[in-house]
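Please keep the sequence and the model open while reading.

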2 protein chains.
Amino acid sequence: MTDTAPQDAARLATQLAGAVRSGDRRALARAITLIESTRADHRATADALLAALLPYTGNSVRLGISGVPGVGKSTFIEAFGLHVIGLGHKVAVLAVDPSSQRTGGSILGDKTRMVDLSREANAFIRPSPAGATLGGVARRTREAMLVCEAAGFDVIVVETVGVGQSETAVADMVDLFMLLLLPAGGDELQGIKKGIVELADLVVVNKADGDLAATARHTVADYRHALALLRHGDWRVPVLSCSAFRKIGIDTVWDTIGEHKALTEANGARATRRAEQARAWLWSEIRETLIDRFRAHPAVRADLARLEAEVTAGTTIPAAAAHTLLGRFLDQTGGA
Amino acid sequence: MTDTAPQDAARLATQLAGAVRSGDRRALARAITLIESTRADHRATADALLAALLPYTGNSVRLGISGVPGVGKSTFIEAFGLHVIGLGHKVAVLAVDPSSQRTGGSILGDKTRMVDLSREANAFIRPSPAGATLGGVARRTREAMLVCEAAGFDVIVVETVGVGQSETAVADMVDLFMLLLLPAGGDELQGIKKGIVELADLVVVNKADGDLAATARHTVADYRHALALLRHGDWRVPVLSCSAFRKIGIDTVWDTIGEHKALTEANGARATRRAEQARAWLWSEIRETLIDRFRAHPAVRADLARLEAEVTAGTTIPAAAAHTLLGRFLDQTGGA
């Protein structure tokens, strides 16, 4: 990505939008890299690109998939992706893993994962963007989802690492949030944080094969009992089982996703959910940018560390320290 | 509260601080009203008042008390307050009820509650501040807590309505968060939202008297079993029972609070918790003020409704709308 003068941003965005729309995979990857950039000139181009692509977005099934490490997420997504590609769809897999920067390499970005799926012309797999915060990772993933839709991908899978941080962010950007479970005891035993199961529109017990088949049946029965009253609008949350490894039950999962799509399109729930997600996205973008700009402001940076230390030591009232710093930041707005 | 010129703010604050420190109850009530005001000139005076009082704060036991409606919170707080006043303490009761504005009158502000306690010279009861948002109510309550401490109250009870919104905010401003339970089934049956029990440093089953005594024993045993592994640092969360109505077991609750205080003072956990709370308070004050000022900015207000409608309709990318509005707000900062 080379530096661009402001007047070139619109032209570059138009060119890139055309290439993305034509199905050029390198252009798609380049567009997502542009979106992930934190440089101000890249951001202007990214906004122009997204504006150009917007009319061609929204026509996909947006799926969130979560589950604890070891549940077989990669195996499931590969089997699932190959199944829906076989039905004529194009599948993009995006990851949300806010830990990927800290660990110096995301498990979700591992090139050895989903080998068969990654070879498919109708599949596109993108690891988690490097971003310091979950918010940053989430907003870039939302935009990458739109770019993939404009590139003709009609099934978008957004995957989380499933350790309790990112599930809410992913549930807030998809049409259907699916939780993968192990054939084992309750969610606490499986290490699933409280509140995550309630986010799910669909629960699937994986590894329902061989020695674990009977345990899987019990787990399905247990969760059906526990979730009997869990509804999202008119949708009653189903509990299914599958074996991603043996490719058993994947078709039922896809059919159930289709039922959810049909119901929520018919009753307006999908449109309402997407509208609410867009509004929440607007406000989170505003909030995060405001706080970023505040932190970066020279007059704030000059005293932030000292005032923060005084606040934690109890020698300055937090609100007073906030007002001091805010005064410096806002006084320059000339009456904001 | 009359309008004040900026130069009078410091003088007024000094006068009011002196009166609060001397134990003048009308000054205490007036100081809290000042803090709850949203007027800019009042805010400046409030900051000066809090700065003057700060050296005299921090010497109380800060308790959060929550429980679903019907659990007997008022009865408990009254019995508890009278018990600790009998031991020579001064008790302030503050409420956090973000719904009080919507319903046009807080149940927590009901004058008929805690009649005996409200007659005590060493008790001060303050209903929830009227505030549009939980954040606004919470920050005013944190400051009211400091004013009460400076006025010599050494036990501060912060009460929540217990319907799942405000518990986290209250747990984030106290030393010990207590959950009152009914003698009945599990927390789901009692209508307690997920995650609330995990916030508790102390669980107390109320109404352990008469016909309910046996049920209360079962509930205590059930929660002891369920919370056997729940620790906050070195503190293992106790499950007690009491009858606030018959004034049974209140002494044990207070003694247990004393054990928590002794342990967390000795191991530094209380100081660490207060420092973390102060830092979080600083950042929430900054975030909320930034977004308030953003919403109120004329150039933002001019187009916010239209852009928000476009975003929810899917005709404008949320990030692009955010950047448009942020540009107008931040461009006037001259390089923020």
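## Helices H12 and H13 of chain A

Helix H12 (residues 298–313) of chain A packs against helix H13 (residues 318–331) of chain A at an angle of about 180 degrees, and their axes are 10 Å apart. H12(A) and H13(A) are therefore roughly antiparallel to each other. Angles over 145 degrees count as roughly antiparallel, those under 35 as roughly parallel, 65 to 115 as roughly perpendicular, and the rest as oblique. Axes are lines fitted to C-alpha atoms over the stretch in contact, with angles from 0 to 180 degrees between N-to-C directions. Helices are DSSP runs (H or I, at least four residues), numbered from the N terminus.

From H12(A), the contact (heavy atoms within 4.5 Å) uses A:Ala299, A:Val300, A:Asp303, A:Leu304, A:Leu307 and A:Val311. H13(A) supplies A:Pro318, A:Ala321, A:Thr324, A:Leu325, A:Arg328 and A:Phe329. By class, this contact of H12(A) with H13(A) has 9 nonpolar, 1 polar and 2 charged residues. Ala, Val, Leu, Ile, Met, Phe, Trp, Tyr, Cys and Pro count as nonpolar, Asp, Glu, Lys and Arg as charged, and the others, Gly among them, as polar.

## Basis of the model

The model is predicted: local features need pLDDT of at least 70, side-chain atom pairs count only at pLDDT 80 or more, and totals for chains, interfaces and linings use all residues. Residues are numbered from 1 along each chain as its sequence is written, chains are lettered from A and ligands numbered from 1 in the order written, and side-chain values use heavy atoms, without hydrogens or water.

## Helix H6 of chain B and its partners

The axes of helix H2 (residues 25–36) of chain B and helix H6 (residues 134–150) of chain B come within 10 Å and cross at roughly 155 degrees. That makes H2(B) roughly antiparallel to H6(B). In H2(B), B:Leu28, B:Ala31, B:Ile32, B:Ile35 and B:Glu36 meet B:Arg140, B:Glu143, B:Ala144, B:Val147 and B:Cys148 of H6(B). This contact of H2(B) with H6(B) holds 7 nonpolar, no polar and 3 charged residues.

H6(B) also packs against helix H11 (residues 269–296) of chain B, at about 135 degrees with axes 11 Å apart. H6(B) and H11(B) are therefore oblique to each other. The contact includes B:Arg139, B:Arg142 and B:Leu146 of H6(B), and B:Trp281, B:Glu285 and B:Asp292 of H11(B). The contact of H6(B) with H11(B) has 2 nonpolar, 4 polar and 7 charged residues.

## How the chains relate

A rotation of 180 degrees, with 0.0 Å of shift along its axis, superposes chain B on chain A (RMSD 0.0 Å). The two copies are thus related as by a two-fold rotation axis.

Technical notes
Least-squares fit on C-alpha atoms with pLDDT ≥ 70 in both. Helix = DSSP H or I, 4+ residues; strand = E, 2+ residues; numbered from the N terminus.
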